[in-house]
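Please read the following report alongside the sequence and the three-dimensional view.

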Amino acid sequence: MNFTPLNEWLSTATLDNIVTERHLANLLGKHPVSVKRAVGRGELPRPVRMFGENCWTAQVLREHLAKRLDAARREAEKTERRISSLAS
């Protein structure tokens with residue numbers, strides 16, 4: 001998956017910039033149904049409805065990604081500690 005278009009948009013977007021489900025799917029190179037599924041799996045935050053469309057702000061997407069990255073970092077540290085304790 002190519003995250004470059006999303007990264008570029010997030011790097012230039014102000015915190016209150018709004019992205020629709022269709023636009024987010026386009027940025028990710030995916031179908032809008034894939035975006036809905038990613039929300040269901042918790043890979044993306046829940047959207048809000050605005051004018052009949054699912055939307056997010058850049059801030060919500062950034063915060064969600066930061067939380068997921070932090071959780072992955074903590075899990076990796078936990079696994080590393082577990083492996084170290086087994087190796088000694």
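The accessible surface of the protein chain comes to about 6,400 Å², and 56% of that surface belongs to carbon and sulfur atoms; accessible areas come from the Shrake-Rupley method with a 1.4 Å probe, and for residues only the protein chains shown count as cover. The model is predicted, so local features need pLDDT of at least 70 and side-chain atom pairs count only at pLDDT 80 or more, while totals for chains, interfaces and linings use all residues. Residues are numbered from 1 along each chain as its sequence is written, and side-chain values use heavy atoms, with hydrogens and water left out.

**Overall form**

The protein chain contains four helices and three strands, where helices (H or I, at least four residues) and strands (E, at least two) are DSSP runs numbered from the N terminus. Along the sequence these elements follow the pattern α-β-α-α-β-β-α. The radius of gyration, taken over C-alpha atoms, is 16 Å for the protein chain, well over the 12 Å that the globule rule gives for 88 residues, so the chain is more spread out than a compact globule; the globule rule is 2.2 Å times the number of residues to the power 0.38. The C-alpha atoms fill a box of roughly 60 × 25 × 25 Å along the principal axes. Of the 88 residues, 24% count as buried, a term that means under 20% relative accessible area, whereas exposed means over 50% and partly exposed lies in between (1.4 Å probe, protein chains only). Among contacts (heavy atoms within 4.5 Å) between residues at least 6 apart in sequence, 51% join residues at least 24 apart.

**The strands**

Strand β1 (residues 18–20) pairs with strand β3 (residues 53–57) in the antiparallel sense over three bridges, pairing being assigned if DSSP finds at least two bridges between two strands. Strand β2 (residues 48–50) also runs antiparallel to β3, and three bridges join them. Cysteine 55 in β3 stands opposite threonine 20, and cysteine 55 also stands opposite valine 48. β2 and β3 form a hairpin with two residues between them. Phenylalanine 51, in the loop between β2 and β3, has a positive phi of about 55° although it is not a glycine.

**Selected residues**

| Residue | Relative accessible area | Class |
|---|---|---|
| Glutamate 21 | 11% | buried |
| Glutamine 59 | 33% | partly exposed |
| Valine 48 | 48% | partly exposed |
| Phenylalanine 51 | 82% | exposed |

Glutamate 21 belongs to helix α2 (residues 21–28), and, leaving aside residues up to four places away in sequence, glutamate 21 touches Pro32, Val35, Lys36, Asn54 and Trp56.
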